[in-house]
Amino acid sequence: MADFMSSISELPVADIEEGTRLRPVSQAAVTVLMQVIQEHGFTVPIVVRKVKTYYVLIDGAHRLEAAKRLGMTMIPVRVYACTNVEARAMETTQNLAGASLSPLDDAVFLAAYSKAYEEMHPETVRGMAGALAKHGSATELSSFAEVIAEKRSITARQVRKIVAAGHKITAQDAEELRRAAKKITLKDIECIGKIADVSERSQVIARLSLGTAKSASDARKQLRAQPGDAHVSDADKKLRALQDAFARAPLAARRAFVAEHAEVLRELLPNQEADATGVVPFVRARA
């Protein structure tokens, strides 16, 4: 497990590498932090881990960026000795425990934490824990989903749905979704998580990013629509439905329908001259 190498100390800003982050820094948040640091000083150290001759950021990307923009050469840090997996787990827990995340970031961070958690505790992987418990060797084990579910007062099944979606969202997907004009909802995330086909998932994400679909389910409906459907008016769709229903009905039912609605049908037909008997003949309306 991770251990402190030292208490709070200072390091040169230039010696700290940001590495790959799960989400980009918010420019608005950096601006606010710059004001806070200028007024009150640097009150919360960033968290880093030592790798050979340099340091890699674990938590505090916004604080580090604010320090750079303020021209600071030294920054307060806490240094940990830990593995890559432990570092990723720490990064995700710091964010999950901090300010509220968007449904998109929540799914991304939960998926990353799930992966790190299960790598550190392979005995808790769903299925494996049950097998061990069956043989009497895992009576106290809990799965990742159960741990998070208990903390959030939701079901483990709900957690697994969010995590499954997060696992399917690549870094590029997340970047596209963050550019979407309309905020991505939890329902969108869960819908994306259900899409097994990679190509379809990419197209759904693209439509959300471009704003051509109001939701993930709407994007899927658009993709499944037949060519030309988008150009059919509502009136034409209803006409097709009536024609289909009339065509499928047996002859007796069609005759009964015409007899019952004869007066209305006559009124709807184009004006015509009556024949010798005074009856206006029914004619097929031209399209």
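A salt bridge here is a side-chain nitrogen of Lys or Arg within 4 Å of a carboxyl oxygen of Asp or Glu. Keep in mind that this is a predicted model, where local features need pLDDT of at least 70, side-chain atom pairs count only at pLDDT 80 or more, and totals for chains, interfaces and linings use all residues. Residues are numbered from 1 along each chain as its sequence is written, and side-chain values use heavy atoms, with hydrogens and water left out.

First, select Glu-65 and Arg-69: their side chains meet in a salt bridge, 3.0 Å from N to O. The two sit four residues apart in helix 2 (residues 61-69), so about one helical turn separates them. Helices are DSSP runs of H or I with at least four residues, numbered from the N terminus. Glu-65 is buried at 19% relative accessibility, while Arg-69 is partly exposed at 38%. (Buried means under 20% relative accessible area, exposed over 50%, partly exposed in between, with a 1.4 Å probe and protein chains only.)

Next, pick Asp-59 and Arg-63, another salt bridge, with the closest N and O atoms 3.0 Å apart. Asp-59 is buried at 12%, and Arg-63 is buried at 15%.

Now jump to Arg-178 and Asp-105, whose closest N and O atoms are 2.6 Å apart in a salt bridge. Arg-178 is in helix 8 (residues 171-178) and Asp-105 in helix 4 (residues 103-120), so this pair ties together parts 73 residues apart in sequence.

Finally, zoom out: the structure holds six salt bridges.
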